[in-house]
2 protein chains.
Amino acid sequence: MEVFDCVRRRRTVREYKPDQIPEELVLKLLQAGRWSPSSSNSQPWHFIAIQDPETIKRLGEIATQGTFMANAPLIMAIVIAADSVRPQLDAGRALQQMELVGWSEGLGTCFVGVRQAEQQKAVKELLGIPEEMELITLMPYGYRVPGARGRGIPRKPMAEIAHRDRFGQPFQE
Amino acid sequence: MEVFDCVRRRRTVREYKPDQIPEELVLKLLQAGRWSPSSSNSQPWHFIAIQDPETIKRLGEIATQGTFMANAPLIMAIVIAADSVRPQLDAGRALQQMELVGWSEGLGTCFVGVRQAEQQKAVKELLGIPEEMELITLMPYGYRVPGARGRGIPRKPMAEIAHRDRFGQPFQE
């Protein structure tokens, strides 16, 4: 799949086929994160590829804002080292590469934040994540259900968010 | 270009051909940012596509850590609204989509942070960015110079950053 097509067609997906994701593709997702650029090439990330059914079920119970993840065959936990300079930004770059590679291979995913302190604690305990590290997200992955293409949430008009040379000069298409 | 190939081949680029980037491709970069997912679909971003030579020269002078950007035909400033829930993460997702689309079209870029308060102020003044907004980065874009492929900075071994089911259980390839 062409890169721009992938960016343009991608949708957030909360419904997954139960089919297992082949090892080779799990590895490709991990490589997509691993090859992301990062601040001063610090590579501050850890990725936990979770396929154990019991752990997946438990994560769906803990993360009440993302209960649908209990039905995914794979959850990618993204964790950032404590001494990272730009934890959120570097995580965002890596997880977006993963999402796009996943989409190009027939998978869908959805960012699930784990913001509440109680949930963070429970997930970290379950997954053995060192306390000082930052759990950024749990991203369930699965093959997309045919037909369930996603709504394609509208975007703001280009002229509202894109400027030419100077803020406030709309970039007219 | 296939998505995974793009992710795998992409390098950070600090040297650009002087050739102007066609309007259509500038628009594609903006679309790549615009179609990025964001927290609660908040779309908190603004993109300033800077092609005015005087402004580009001035940005290269202000951002002393990225003087090479003075030689780029385009600089994309990425700005995030003040009330954003996850400014850095959402910016990271959008700029990574832009970088990958750019790479697939023959362009290269490099993240330049503008961290010092003095520099932030000077750039915001020059570009007319509202004070309360967050300037995330200035990303110079240009066509890649043939042969200057980039070093391909080594990555940490997979087993060091990828875990299976639980932190500390290495994901063996």
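The model is predicted: local features need pLDDT of at least 70, side-chain atom pairs count only at pLDDT 80 or more, and totals for chains, interfaces and linings use all residues. Residues are numbered from 1 along each chain as its sequence is written, while chains are lettered from A and ligands numbered from 1 in the order in which they are written.

Start with the sheet. It is open and mixed, with 5 strands in the order β5(A)-β1(B)-β2(B)-β4(B)-β3(B). Strands (E, at least two residues) and helices (H or I, at least four) are DSSP runs, numbered from the N terminus. Strands pair if DSSP finds at least two bridges between them. β5 (162-164) of chain A and β3 (107-109) of chain B are the edges; each has a single partner strand, so one side of each lacks a neighbour in the sheet. The twist averages 25° from one strand to the next.

Now the join between chains. β5(A) runs parallel to β1 (residues 45-50) of chain B, over 3 bridges. A:Arg164 sits opposite B:Ala49 of β1(B).

Next, the helices. α2 (residues 23-34) of chain B touches β5 of chain A and β1, β2 and β4 of chain B. Contact means C-beta atoms, placed from the backbone, within 7 Å. α2(B) makes about 165° with β1(B). Angles run from 0 to 180 degrees between N-to-C directions; axes are lines fitted to C-alpha atoms, for helices over the stretch in contact. α4 (residues 87-104) of chain B lies across β1, β2, β3 and β4 of chain B, at about 155° to β2(B).

The axes of α2(B) and α4(B) come within 7 Å and cross at roughly 145°.

Terms used. Two residues are in contact if their C-beta atoms, placed from the backbone, lie within 7 Å.
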